Amino acid sequence: MNPTIRLHPQDDVLIARTQLVSGTVAEGIAIKGLIPAGHKIAVHALAAGAPVRRYNQVIGFASKPIAAGEHVHTHNLDMGPNKGDFARDYAFGADVKPAPLRREATFMGIKRADGRVATRNYIGVLSSVNCSATAARAIADHFSRQNNPAALADFPNVDGVVALTHGTGCGMDSDGLGLQILQRTLTGYATHANFAAVLVVGLGCESNQINAWLATGRLREGDTLRTFSIQDTGGTSKTVAKGIALIQDMLPQANAVQREPCSAAHITIGLQCGGSDGYSGISANPALGAAVDLLVAHGGSAILSETPEIYGAEHLLTRRAVTRDVGEKLIERIKWWEHYTRINSGEMNNNPSPGNKAGGLTTILEKSLGAVAKGGTSNLQAVYEYAEPVTAHGFVYMDTPGYDPVSATGQVAGGANLICFTTGRGSAYGCAPSPSLKFSTNSALWRKQEDDIDLNCGEIIDGSSTIAEMGQRIFELVLATASGVKSKSERHGYGQSEFVPWQVGAVM
């Protein structure tokens with residue numbers, strides 16, 4: 001097997017398939033020094049300041065002269081003197097293609113009374129503010145199948161009672177963006193199809209007043225949405241007892257469901273990548289992209305996010321925008337992030353993380369070009385702000401941070417009823433109420449952390465599978481998981497602590 005991978009004939013670098021030692025010859029090039037697996041090797045000599053291409057796209061600029069066969073990484077590659085600010089051709093809509101021939105597939109879903117379809121059937125306990133988080137968790141803990149199995153013994157169709165708490169809700173501008181985002185997030189969860197019912201617990205004096213939130217979200221209390229506060233109830237013990245009683249009242253109706261065949265058009269996937277490495281853009285991400293194209297052809301939807309991690313690759317998405325307005329909205333969010341990082345004394349290349357760099361990714365441009373592959377090749381139908389309801393079908397974009405729990409929280413608030421998560425360095429992430437599937441980019445990670453990974457896309461690197469074959473396997477796994485088969489993160493009990501709404505603005 002060839003010791004390196006060439007991604008495009010015009011690339012300036014090769015990718016090491018395994019660790020290479022000095023003297024190894026790849027494509028007629030003698031390797032100079034030790035090259036870790038997944039890292040880059042110069043195909044030819046590069047002068048200082050020269051652009052360096054991978055995927056036939058600029059991933060940075062040589063910060064010093066680089067000889068053929070040398071390791072290309074942080075010691076000799078950076079964003080250039082303008083920190084990645086170079087001209088890109090947005091070519092709005094240039095790559096829009098006809099809608100694919102509609103295909104039909106089904107999964108065993110749970111139909112709600114309003115026509116929505118769920119992949120899971122939870123009862124949620126949300127906190128309006130951090131001050132009520134302990135009480136909310138205590139309520140949910142009473143129904144733990146591990147610690148108190150009798151509580152749900154008569155309700156086998158209920159997947160569980162989960163507390164989703166957070167660290168904010170007060171000390172913030174009552175008219176500011178931060179509170180708007182929090183309220184939008186809580187509304188998305190309170191109305192999520194995967195919740196049969198939701199209980200919201202507040203303190204009583206917080207900025208995020210429950211009545212104001214209900215009005216903003218156009219929500220009304222009823223059998224499936226109940227709210228109350230610690231101060232009105234008379235303290236923690238009374239609050240926990242009241243919450244337990246309310247959920248006990250909700251359980252019979254929540255249990256009165258059954259799975260039935262539903263169109264794959266009801267599946268909405270949130271696309272995530274975390275702990276990326278030099279293989280992410282070669283194996284797991286494009287394989288997930290192939291699965292996305294299959295889902296879209298079946299009428300389903302997929303949400304690409306993590307704006308700091310598409311930075312430098314946004315021009316590949318604007319070319320697929322169905323209208324110029326859609327493309328312009330994406331660029332508007334990019335500009336917002338440039339401003340946001342600047343006023344916080346940062347820059348967009350603060351991402352990649354140390355783990356990404358250890359795995360072979362050098363700049364945010366390189367990381368982003370691999371990350372956008374998760375979105376496949378389908379037309380970009382819409383662009384949403386964080387936690388906005390996703391109403392368009394097909395491939396869409398949501399503006400979120402790159403930090404996975406925050407990003408996925410926004411996607412689920414927008415309606416994602418399943419998360420697909422690629423990783424090259426390793427991940428132990430899970431999500432509630434939407435199941436999360438994890439895909440490894442390399443076989444070494446699969447062997448080391450198979451306990452947490454649902455599918456090994458490293459077979460693409462090994463040469464035993466193709467991107468198309470792996471995309472089909474991912475699509476089939478999505479259907480099975482949406483039908484109720486538990487992901488590995490669900491078996492471990494992940495999901496409650498990973499609810500992390502995006503905090504924006506000053507803490508007052």
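The secondary structure of the chain comprises 15 helices and 23 strands. The model described here is predicted. The chain has 508 residues, and its radius of gyration of 24 Å agrees with the value near 23 Å that a compact globule of this length would have. The points below cover the chain as a whole and then one of its sheets.

**Overall dimensions and surface**

- Taken along the principal axes, the box filled by the C-alpha atoms of the chain is roughly 75 × 45 × 45 Å.
- The chain has an accessible surface of about 19800 Å², and carbon and sulfur atoms contribute 50% of this surface.

**Burial and contacts**

- Buried residues make up 59% of the 508 residues of the chain.
- Among the contacts in the chain with a separation of 6 or more, 70% are between residues 24 or more positions apart.

**An open sheet of 3 strands**

- Strands β6, β7 and β9 form an open sheet in the order β6-β7-β9, and their pairing is antiparallel.
- Strands β6 (51-54) and β9 (77-78) each have a single partner strand and therefore stand at the edges, with one side of each left without a neighbour in the sheet.
- Strand β7, which spans residues 57-62, pairs with β9 in the antiparallel sense over 2 bridges.
- Ala62 is placed opposite Leu77 of β9.

**A helix across the sheet**

- Helix α10, formed by residues 364-371, lies across β6 and β7.
- The direction of helix α10 is at about 165 degrees to that of β7.

Notes:
Residues numbered from 1 in each chain as written. Predicted model: local features only at pLDDT ≥ 70, side-chain atom pairs only at ≥ 80, totals over all residues. Heavy atoms only, no water. Pairing = 2+ DSSP bridges. Helix = DSSP H or I, 4+ residues; strand = E, 2+ residues; numbered from the N terminus. Contact = heavy atoms within 4.5 Å. Axes fitted to C-alpha atoms, helices over the stretch in contact; angles between N-to-C directions. Rg over C-alpha atoms; globule rule 2.2 N^0.38 Å. Buried < 20%, exposed > 50% of the residue type's maximum accessible area, 1.4 Å probe, protein only. Areas by Shrake-Rupley, 256 points an atom, 1.4 Å probe, with all protein chains shown as cover.
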